[in-house]
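Hi everyone, thanks for coming.

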Amino acid sequence: MATRLLLLLSVTMKHWKRRSSAVLTIVLQVLILLLPDPGVAMTMDQFLTSLDMIRSGCAPKFKLKTEDLDRLRVGDFNFPPSQDLMCYTKCVSLMAGTVNKKGEFNAAKALAQLPHLVPPEMMEMSRKSVEACRDTHKLFKESCERVYQTAKCFSENADGKFMWP
């Protein structure tokens, strides 16, 4: 059932590629609610597919190099980010529902959503990263930079296991 939902999400994402992230967020939330058993964890394959779908929903809105997105995918934030790249991280986080429009990170909401966003083998590392980075956004004023720096903090606290859409 979950595989069919991911396929449906993939088709939906392609159709709505140019639509607002608000619509995509609603679609993601509805599909999460349709999973037959909330206790069934996401597999690594499903996680990787969801990263691709989220990327396809946000990346077209910005002028980005595929190489930069691929570096973020594996947690490599060791290069100067463009404004578009920082705003891309905000788009992703808005879709996940973990930040607001001001780029303020909501750690409690992120922790509550982790079981729906990451596979079991990434759960402990993800919790650790959220706890370590819960206040990072407060060190920055601009909303996109707030989110980018928070994502970078996640990567730095993930024991080499961080992945980004």
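Let's start with a question: is Glu 131 buried, partly exposed or exposed? Glu 131 is partly exposed, with a relative accessible area of 43%. For those words, buried is under 20% relative accessible area, exposed is over 50%, and partly exposed is in between, with a 1.4 Å probe and protein chains only.

Now some ground rules. This is a predicted model, where local features need pLDDT of at least 70, side-chain atom pairs count only at pLDDT 80 or more, and totals for chains, interfaces and linings use all residues. Residues are numbered from 1 along each chain as its sequence is written, and side-chain values use heavy atoms, with hydrogens and water left out.

How confident is the predictor? pLDDT is its confidence in each residue, from 0 to 100. The chain averages 85, and 76% of the residues score at least 70. Helix α1 (residues 2-15) has the lowest confidence, a mean of 49, while helix α8 (residues 143-156) has the highest, at 98. By helix I mean a DSSP run of H or I, at least four residues, numbered from the N terminus.

On to the inside. In soluble globular proteins, nonpolar side chains tend to be buried together. A nonpolar core here is a set of buried Ala, Val, Leu, Ile, Met, Phe, Trp, Tyr and Cys residues joined through side-chain atoms within 4.5 Å. The largest one has 37 residues, and Leu 72, Leu 85, Tyr 88, Phe 105 and Trp 164 touch the most other members. Helix α5 gives the most to this core, 7 residues. Take Phe 105: beyond its neighbours within four places in sequence, its contacts (heavy atoms within 4.5 Å) include Val 130, Arg 134 and Phe 154.

Last stop, salt bridges: a side-chain nitrogen of Lys or Arg within 4 Å of a carboxyl oxygen of Asp or Glu. The count is 7. One of them joins Arg 73 and Asp 52, with the closest N and O atoms 3.0 Å apart. Arg 73 is in helix α4 and Asp 52 in helix α3, so this pair ties together parts 21 residues apart in sequence. Arg 73 is buried, at 13%, whereas Asp 52 is partly exposed, at 42%.

And our opening residue? Glu 131 pairs with Arg 134, with the closest N and O atoms 3.1 Å apart. Arg 134 is partly exposed too, at 31%.

Notes
pLDDT is the predictor's confidence in each residue, from 0 to 100. Helices (H or I, at least four residues) and strands (E, at least two) are DSSP runs, numbered from the N terminus.
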